[in-house]
Amino acid sequence: MDSSPAVLDWKAELPAIPGRLVALRELTLQDLGPLVDLFSIGDATRFGLDDPVTESSVRDLIERVGQNRAAGVSFTYAITTVSARALIGVIQVRQLEPSFETSEWECMIAPSSRGSGAFLEAARLVGTFAFERVGTHRLEARVVVQNGRANGAMRKLGAVQEGILRRSLRRGHEHFDQVLWAILKEDWGDRWVSTAPRVH
């Protein structure tokens, strides 16, 4: 399938993707307050934010993810609840090489929504979007070894554990080992969900 027209589309404007539990949309400045709260959680994935988390640094992040999407190097979705449209997380996919065939994703879900199925649905929507619309062939994830919930979720998604990255993550003064997970487009199988625009 020739994915070049789709690549141009998402670079120009990231499409909203509705799901059953969650809805995905691009981050906006209206998300500033909820994002500061989210990124201030102790185990938060920071998406390049440095300590301390401030309104200014989060505003810079919102602007940067828009610039990176326009440049075609990454795309970032706000994860919101379908019912209340409340922001409960962020998921990002970054290219690891210029064609975007190999990319890396990471996700942060608010503690109150962990275990609700929100992560799995958001990951399935974003994974399908990456494979179907962006042209990704391989998605990698790096998860702290001690994070049993996240490592279990990667197994549920059908990811393959490829190795342990020793002391590859630093938080404060501590270093942590990470598990390297990978999913290939041909392995996506029954996790595939439609991300095509819906017409009513």
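Mentor: One definition before your questions: helices here are DSSP runs of H or I with at least four residues, numbered from the N terminus. Please keep in mind that this is a predicted model.

Trainee: Thanks! Which residue takes a positive phi just after α3?
Mentor: Start from the helix itself, α3, which covers residues 55–71. Just after α3 there is a residue with a positive phi of about 80°, and that residue is glycine 72.

Trainee: How far apart are the end C-alpha atoms of α3?
Mentor: The helix has 17 residues, and at 1.5 Å a residue it should span 24 Å. The model agrees with that expectation, because the end C-alpha atoms of α3 are apart by 24 Å.

Trainee: What arc do the buried residues of α3 cover around the axis?
Mentor: The buried residues of α3 are Ser57, Val58, Leu61, Ile62, Val65 and Arg69. They lie on the same side of α3, because around the axis they cover an arc of only 145°. As a general point, an α-helix has 3.6 residues a turn, so residues three or four places apart point the same way. The arc asked for is 145°.

Trainee: And which exposed residues does the face turned away from the buried side of α3 carry?
Mentor: Exposed means over 50% relative accessible area. On the face of α3 turned away from its buried side, the exposed residues are Gln67 and Ala71.

Trainee: Which residue meets arginine 69 in a salt bridge?
Mentor: In general, side chains of opposite charge can pair when their charged atoms come close. Here the N to O distance is 3.0 Å, and the partner of arginine 69 is glutamate 26. This pair links distant parts of the chain, 43 residues apart, with arginine 69 in helix α3 and its partner in strand β2.

Trainee: Is aspartate 31 buried or exposed?
Mentor: Aspartate 31 meets arginine 25 in a salt bridge at 2.7 Å, N to O. Arginine 25 counts as partly exposed at 26% relative accessibility. Buried means under 20%, and aspartate 31 has a relative accessible area of 5%, so aspartate 31 is buried.

Trainee: How many bridges join β7 to β8?
Mentor: Strand β8 also pairs with β6, running antiparallel to β6 with seven bridges. β7 and β8 form a hairpin with two residues between them, and glycine 172 in the turn has a positive phi of about 65°. In β8, histidine 175 is the bridge partner of arginine 170. β7 and β8 run antiparallel, and the number of bridges that join them is eight.

Trainee: Last one: which residues does the network of salt bridges join?
Mentor: Begin with glutamate 140 and arginine 142, which form a salt bridge with their closest N and O atoms 3.1 Å apart. Glutamate 140 is buried at 9% relative accessible area, whereas arginine 142 is partly exposed at 31%. Through salt bridges that share partners, one network joins Arg94, Glu104, Glu106, Arg138, Glu140, Arg142 and Glu162.

Technical notes: Residues are numbered from 1 along each chain as its sequence is written. This is a predicted model: local features need pLDDT of at least 70, side-chain atom pairs count only at pLDDT 80 or more; totals for chains, interfaces and linings use all residues. Side-chain values use heavy atoms; hydrogens and water are left out. Two strands pair if DSSP finds at least two bridges between them. The expected span of a helix is 1.5 Å times one less than its number of residues. Buried means under 20% relative accessible area, exposed over 50%, partly exposed in between (1.4 Å probe, protein chains only). The arc is that of the directions from the helix axis to the C-beta atoms. A salt bridge is a side-chain nitrogen of Lys or Arg within 4 Å of a carboxyl oxygen of Asp or Glu.
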